[in-house]
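The stops below are given in the order in which to select them.

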Amino acid sequence: MTHENRPRRNFYGRLKGKSLKQSQKGYLDEDLDALSPGAVSWEDNPDRTPIDLQQLFDGKPVWLEIGFGGGEHMVHQAAQNPQVGLIGAEPYINGVAMLLGKIRRAGVSNLAVHPGDVRDLFDVLPDQSIERAFLLYPDPWPKNRHHRRRFVTPEHLEPLARVLKPGSIFRVATDIEDYVRQTLEEVPRHGFDWLAERPQDWQQPWGDWLSTRYEQKALREGRTPHYLTFRKR
């Protein structure tokens, strides 16, 4: 199905990796639909009607994780913060399957999952509806000609700023120094203040941080993590 107002969006990156285990296929078949945040795709929601977050999470504050990877951080946050609801967006289906397995094992229920492009999710999130957002070890796109593919560009930051409430927190973790540079240049331009006052504020992880497999790989390969905290004006 097509829609005349549908924007042209190129997607870069992997949608699927190695073959899924039978258990992971089962998670996708049995659990994914029930964890949907609502009608997000253009096929299901061509009019881009905002999803009802109040009904989805019974009026709880809502947090958003952009590209949750294998899902360990998202499940950790859900378990530690039962008073909030978390939405995760991740187009890599292997990562979605890993998250679903972790949800089963942890027994958390305050989660919703969009297995696709976060830009489509932004379309249907109400204005000023999100109280915290996470961008953890995003694809670095290291080549100069690919920097426009990074998340920290206006195409992504403008809708992120729209859906975040004033005073909400946006956390970015990365081990790529040039990604830090671009983040510090671009994010404040979209209505955010960087909260660092001393080097420890970006050198040390947050108090509720759970190190992800991507961070462990970075440490093994000798790269230094950076933890950037912004507040929406």
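Is Q128 buried or exposed, or does it fall in between? Q128 is partly exposed, with a relative accessible area of 46%; buried means under 20% relative accessible area, exposed over 50%, and partly exposed in between, using a 1.4 Å probe and protein chains only.

Before moving on, note that this is a predicted model, in which local features need pLDDT of at least 70 and side-chain atom pairs count only at pLDDT 80 or more, while totals for chains, interfaces and linings use all residues. Residues are numbered from 1 along each chain as its sequence is written, and side-chain values use heavy atoms, with hydrogens and water left out.

**Two positive phi angles**

Stay on Q128. This residue sits in the loop between α5 (118–124) and β4 (130–136). Helices (H or I, at least four residues) and strands (E, at least two) are DSSP runs, numbered from the N terminus. The phi of Q128 is positive, near 50 degrees, and the residue is not a glycine.

Now select Y137, in the loop between β4 and α6 (154–163). Y137 is also not a glycine, and its phi is positive at about 50 degrees. Y137 counts as buried, at 9% relative accessibility.

Select residues 93–106, which form helix α4.

Colour the buried residues of α4: N94, G95, V96, A97, L99, L100, G101 and I103. An α-helix has 3.6 residues a turn, so residues three or four places apart point the same way. Next show what covers the buried residues of α4, which includes α1 (22–31), α3 (72–80) and β3 (111–114).

Pick out L100 in α4. At 1% relative accessibility, L100 counts as buried. Leaving aside residues up to four places away in sequence, L100 touches Y27, L28, L32 and L35; a contact means heavy atoms within 4.5 Å. For scale, draw a distance from L100 to T224: the two are 124 residues apart along the chain, and their C-alpha atoms are separated by 29 Å.

Then look at both sides of the helix. Y92 is in the loop between β2 (85–89) and α4, and counts as buried at 14% relative accessibility. After α4 comes G107, whose phi is positive, near 70 degrees.

**The second largest pocket**

Select L32, D33, S36, P37, G38, A39, V40, S41, D44, V113, H114 and P115, which line the second largest pocket. Its volume is about 170 Å³. The lining divides into six nonpolar, four polar and two charged residues.

A pocket is found on a 1 Å grid over the protein atoms alone, as an open set of points where a 1.4 Å probe fits, with protein on both sides within 12 Å along at least five of seven lines; lining residues have an atom within 4 Å of a point.

Go to L157 in helix α6. L157 counts as buried, at 0% relative accessibility. Which residues does L157 touch, not counting those up to four places away in sequence? They are F151, V152, F170, E186, V187 and H190. L157 and H190 are 33 residues apart in sequence, yet 6.6 Å apart in space, C-alpha to C-alpha.

**Strand β5**

Select S168 in strand β5 (residues 164–174). S168 is buried, with a relative accessible area of 4%. A polar atom of its side chain lies 2.6 Å from the backbone oxygen of K165. Leaving out residues up to four places away in sequence, S168 touches I130, E131, R132, F230, R231 and K232.

**Last stop: helix α9**

Finish at K217 in helix α9 (residues 213–220). K217 is partly exposed, with a relative accessible area of 41%. From K217 to D120, 97 residues apart along the chain, the C-alpha separation is 30 Å.

Terms used: Expected span 1.5 Å × (residues − 1). Polar contact = N/O pair within 3.5 Å; in protein donor to acceptor, adjacent residues only side chain to side chain. Points joined across faces, edges and corners; volume = space filled by probe spheres on them. Nonpolar A, V, L, I, M, F, W, Y, C, P; charged D, E, K, R; others polar.
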